[in-house]
Amino acid sequence: MTLTWLYTIIVLCATTIGAITGLGGGVIIKPLFDLLGADTATVIGFYSSVAVFTMCLVSIYKQLKPAYFSSP
């Protein structure tokens, strides 16, 4: 359970820092997960990919929101 919270904090911080600096969140997430060493490289790669894909979907939603979802 503690590892789940730690992963969540890392993902949130990495995506925030990545968005501010222009880096991809995966550039920060994968090395930090590797540093913890709790999972295999395949699992870490999957977690990193899911986090970055989710961040991408949120970004697309935010860009489309004013164009398609605004009230007249």
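**View 1. Leu3 and its contacts.** Set aside the neighbours within four places in sequence, and Leu3 is in contact with Leu36 and Ala38 (contact means heavy atoms within 4.5 Å). This is a predicted model, so local features need pLDDT of at least 70 and side-chain atom pairs count only at pLDDT 80 or more, while totals for chains, interfaces and linings use all residues. Residues are numbered from 1 along each chain as its sequence is written, and side-chain values use heavy atoms, with hydrogens and water left out. Leu3 sits in helix α1; helices (H or I, at least four residues) and strands (E, at least two) are DSSP runs, numbered from the N terminus. With a relative accessibility of 34%, Leu3 counts as partly exposed. The cut-offs here are under 20% relative accessible area for buried, over 50% for exposed and in between for partly exposed (1.4 Å probe, protein chains only). Pro66 lies 63 residues along the chain from Leu3, and 37 Å separates their C-alpha atoms.

**View 2. The whole fold, for orientation.** Buried residues make up 17% of the 72 residues. Of the contacts with a separation of 6 or more, 41% come from residues 24 or more positions apart. The protein exposes about 5300 Å², and carbon and sulfur atoms supply 73% of that (areas by the Shrake-Rupley method with a 1.4 Å probe; for residues, only the protein chains shown count as cover).

View 3. Helix α1 has 20 residues and reaches 28 Å from its first C-alpha to its last, close to the 28 Å expected at 1.5 Å a residue (the expected span is 1.5 Å times one less than the number of residues). Which residues of α1 are buried? They are Tyr7, Ile10, Ala14, Thr15 and Gly18. Seen down the axis of α1, these buried residues fall within an arc of 125 degrees, so they line one face of the helix (the arc is that of the directions from the helix axis to the C-beta atoms). An α-helix has 3.6 residues a turn, so residues three or four places apart point the same way. The face of α1 turned away from the buried side carries exposed Thr2, Trp5, Leu12, Ala19 and Ile20. After α1 comes Gly22, with a positive phi near 90 degrees.

View 4. Helix α2 has 12 residues, and from first to last C-alpha it reaches 17 Å, close to the 16 Å expected at 1.5 Å a residue. Gly25, Ile28, Ile29 and Phe33 are its buried residues. They cover an arc of only 120 degrees around the axis, which puts them on the same side of α2. Val27 and Leu35 are exposed on the other side. Gly37 follows α2 and has a positive phi, near 70 degrees.

**View 5. The aromatic rings.** The structure holds 4 aromatic pairs (ring centres of Phe, Tyr and Trp, its six-membered ring, within 6.5 Å; planes under 30 degrees apart are stacked, over 60 edge-to-face, the rest tilted). Tyr7 and Phe33 are stacked, at 4.1 Å centre to centre with 25 degrees between the planes. That pair links distant parts of the chain: Tyr7 belongs to helix α1 (residues 2-21) and Phe33 to helix α2 (residues 25-36), 26 residues apart. Tyr7 is buried at 10% relative accessible area, and Phe33 is buried at 1%. Phe46 and Tyr47 make a tilted pair, 6.4 Å centre to centre and 55 degrees between the planes. Phe46 is exposed at 53%, while Tyr47 is partly exposed at 33%. Tyr7, Phe33, Phe46 and Tyr47 together form one aromatic cluster.

View 6. Ser48 has its place in helix α3 (residues 41-69). Is Ser48 buried or exposed? Ser48 is buried, with a relative accessible area of 7%. Not counting residues up to four places away in sequence, Ser48 touches Gly26, Ile29 and Lys30. One of these, Ile29, is also among the buried residues of α2.
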